Amino acid sequence: MVKLSELSNFDMADELKTKEDILIYLNAVIEENDPSELAHALGVIARSEGMSEISKNTTIQRPALYKALRKGASPRFDTVNQVVNALGFKITLSPV
């Protein structure tokens, strides 16, 4: 199985055209169980939606979003939750 983080030569942000695309992408990243990849994926999605727009819909300034949502970052849960909410989703749990 190829990991999303190993794919190259395209910008995932260009491929995320619908909420369903975003949801599929996020769920695939979450399945990898790599917190830094989740931060990066949220950054990719935020870029596809407009980082300024995400910033407006959170309490996080745009430069701080770029820093928190870069590859290798470990954002706080509050940051992740705010970004997810700004994207029009909510974090939920389900039994394993």
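Start by selecting Gln-82: leaving out residues up to four places away in sequence, Gln-82 touches Thr-58, Thr-59 and Ile-60, where contact means heavy atoms within 4.5 Å. Before you go on, note that this is a predicted model, with local features needing pLDDT of at least 70 and side-chain atom pairs counting only at pLDDT 80 or more, while totals for chains, interfaces and linings use all residues. Numbering runs from 1 along each chain as its sequence is written, and side-chain values use heavy atoms, leaving out hydrogens and water.

**Stop one: helix α6**

Gln-82 sits in helix α6; helices here are DSSP runs (H or I, at least four residues), numbered from the N terminus. Is Gln-82 buried or exposed? Its relative accessibility is 15%, so Gln-82 counts as buried; the cut-offs are under 20% relative accessible area for buried, over 50% for exposed and partly exposed in between, with a 1.4 Å probe and protein chains only.

Now colour residues 77-86, which make up α6, and pick out Thr-79 within that stretch. Thr-79 is buried too, because its relative accessibility is 11%. Apart from neighbours within four places in sequence, Thr-79 is in contact with Ile-60 and Ala-68.

**Stop two: the core**

Next, show the largest nonpolar core, which has 23 residues. Such a core is a set of buried Ala, Val, Leu, Ile, Met, Phe, Trp, Tyr and Cys residues joined through side-chain atoms within 4.5 Å. Centre the view on Tyr-25 and Leu-42, the residues with the most contacts inside this core. Two or more residues each come from α1 (12-15), α2 (19-32), α3, α4, α5 and α6. The largest share, five residues, is from α3.

**Stop three: α2 against α3**

Hide everything but α2 and α3. Their axes come within 9 Å and cross at roughly 165°; the axes are lines fitted to C-alpha atoms over the stretch in contact, and angles run from 0 to 180 degrees between N-to-C directions. The two helices are therefore roughly antiparallel, a label for angles over 145 degrees.

For side chains on the α2 face, show Lys-19, Ile-22, Tyr-25, Leu-26, Val-29, Ile-30 and Glu-32; on α3, show Glu-37, Leu-38, Ala-41, Leu-42, Val-44, Ile-45 and Glu-49.

**Last stop: His-40**

Stay on α3 (residues 35-49) and select His-40. His-40 is partly exposed, with a relative accessible area of 24%. Beyond its neighbours within four places in sequence, His-40 is in contact with Leu-69, Arg-70 and Lys-71. Finish with Met-12: it lies 28 residues from His-40 in sequence and 11 Å away in space, C-alpha to C-alpha.

Note on methods
Angles under 35 degrees count as roughly parallel, over 145 as roughly antiparallel, 65 to 115 as roughly perpendicular and the rest as oblique.
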